[in-house]
Amino acid sequence: MSRLDRDEEEIEASRAPLMDHLIELRGRLMICVAAFVLGFILCFAFAEPLYIFLVKPFAAAAAFHSAVGPGGHVSPLDLILGTAGLKPLPVVDGQMVNLIYTAPLEFLFTKMKLAGFGAIVVTFPILAWQLYKFVAPGLYRNEKGAFLPFLIAAPLLFLLGAALVYFVMLPFVMWFSLSQQISGGGVSAALLPKVSDYLNLVTALLLAFGLCFQLPVVMTLLGLAGIISSKVMAEGRRYAIVGVVVVAAVVTPPDPISQLMLAVPLVLLYEVSIWCVRLIEFRRKKVDAPEATAG
């Protein structure tokens, strides 16, 4: 019996009536909803510490900006190390990061949005596992083995993108924003971001970088399905780079530093994707060679 026949037999054995599938889907959806609700309650209980944690890159940028004064410069490495807590921040008398809200319930809704976003991040492993368990009976044995690594790779790549945002992107964006302040001639323009606007910026950057960092996962899955090949990806490298630059320009704030911080890692991840697809093609040839010889 060939490998394909064994896979077909395994899938046939796992078939179930439509009603059984719907009952299973309902059960898994209830687990996902319950996990999200518990994650929301947990994150809402710690919404204020979480928000303060998200404001730390802004605080680091503000501390260095106050230390060097208007028009001053700071080492990018110092800014990154200060945000990461590996370098003491400059101490400036009276220095405090001020964020405002202009509606009575604005900060409450901001905390709820933060709790919702945090609940998705915290419960993602549960959501992904429930999705896998629902679709697994319809997958071939080799597809099950290939699908599981992506459940691990996807959140790790998302966390890598989020770390780049938190430790590198946000401090530079806020430094750039603080450097735009003016004071003179009886005019003062100071940065006083709203709590909701700052959270929107952070979540937009986290989602943009986290999703863009899924590029190797998406391209590898396409290669696994035979939709794309490493040769096509290598030949289309120049067009991919142009596409990366366009995506970086759309999803990041309108400054060249932010765009480069996203474009450069994406280009590197595209190269990683090519090698991942090549590895899949190499393994596929090794598996198919004995069967072709036997046939």
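User: Which residues of helix α8 are buried?

Analyst: In this predicted model, helix α8 covers residues 215–224, and Pro216, Val217, Met219, Thr220 and Gly223 are buried in it. Glycine 226 follows α8 and has a positive phi, near 80 degrees.

User: Why is serine 273 called buried?

Analyst: The relative accessible area of serine 273 is 0%. Buried means under 20%, so serine 273 is classed as buried. Serine 273 has its place in helix α11, residues 256–294.

User: What makes the approach of serine 273 to leucine 269 a polar contact?

Analyst: A polar atom of the serine 273 side chain lies 2.8 Å from the backbone oxygen of leucine 269.

User: Which residues is serine 273 in contact with, leaving aside its neighbours within four places in sequence?

Analyst: They are Leu215, Pro216, Met219 and Met233. Of these, Pro216 and Met219 are among the buried residues of helix α8.

User: Why is phenylalanine 134 called partly exposed?

Analyst: Phenylalanine 134, in helix α5, has a relative accessible area of 27%. Buried requires under 20% and exposed over 50%; 27% falls in between, so phenylalanine 134 is partly exposed.

User: How far is phenylalanine 134 from histidine 21, in sequence and in space?

Analyst: The two are 113 residues apart in sequence, with their C-alpha atoms 8.5 Å apart. Histidine 21 is also in contact with phenylalanine 134, as are Glu24, Leu25 and Arg28.

User: What makes proline 90 partly exposed?

Analyst: Proline 90 has a relative accessibility of 26%. That value lies between the limits of 20% and 50%, so proline 90 counts as partly exposed. Proline 90 has its place in the loop between α4 (76–84) and α5.

User: Which residues does proline 90 contact beyond its neighbours within four places in sequence?

Analyst: The contacts of proline 90 are Ala63, Phe64 and Ala67. Alanine 62 is 28 residues from proline 90 in sequence, and their C-alpha atoms are 9.6 Å apart.

User: What is the volume of the second largest pocket, and which residues are closest to its centre?

Analyst: The second largest pocket has a volume of about 450 Å³. Its lining has 18 residues, of which Phe53, Leu54, Phe117, Val121 and Leu206 are the closest to the centre. The elements giving two or more residues to this lining are α3 (47–68), α5 (106–135), α6 (141–178) and α7 (195–212). Helix α6 gives the most, with six residues.

User: How is the lining of the second largest pocket divided by class?

Analyst: The lining has 16 nonpolar and two polar residues, and no charged ones. Phe, Leu and Val count as nonpolar, so Phe53, Leu54, Phe117, Val121 and Leu206 belong to the nonpolar class.

User: How many helices and strands does the chain have, and what share of its residues is buried?

Analyst: The chain has eleven helices and two strands, in the order α-α-α-α-α-α-β-β-α-α-α-α-α. Of its 295 residues, 34% count as buried.

User: What confidence does the predictor assign to the chain?

Analyst: The mean pLDDT is 83, and 85% of the residues reach 70 or more. Where pLDDT is low, predicted coordinates should not be read in detail.

Notes:
Residues numbered from 1 in each chain as written. Heavy atoms only, no water. Helix = DSSP H or I, 4+ residues; strand = E, 2+ residues; numbered from the N terminus. Buried < 20%, exposed > 50% of the residue type's maximum accessible area, 1.4 Å probe, protein only. Polar contact = N/O pair within 3.5 Å; in protein donor to acceptor, adjacent residues only side chain to side chain. Contact = heavy atoms within 4.5 Å. 1 Å grid on protein atoms, 1.4 Å probe; cavity = no way out; pocket = protein on both sides within 12 Å on 5 of 7 lines; lining within 4 Å. Points joined across faces, edges and corners; volume = space filled by probe spheres on them. pLDDT = per-residue confidence, 0-100.
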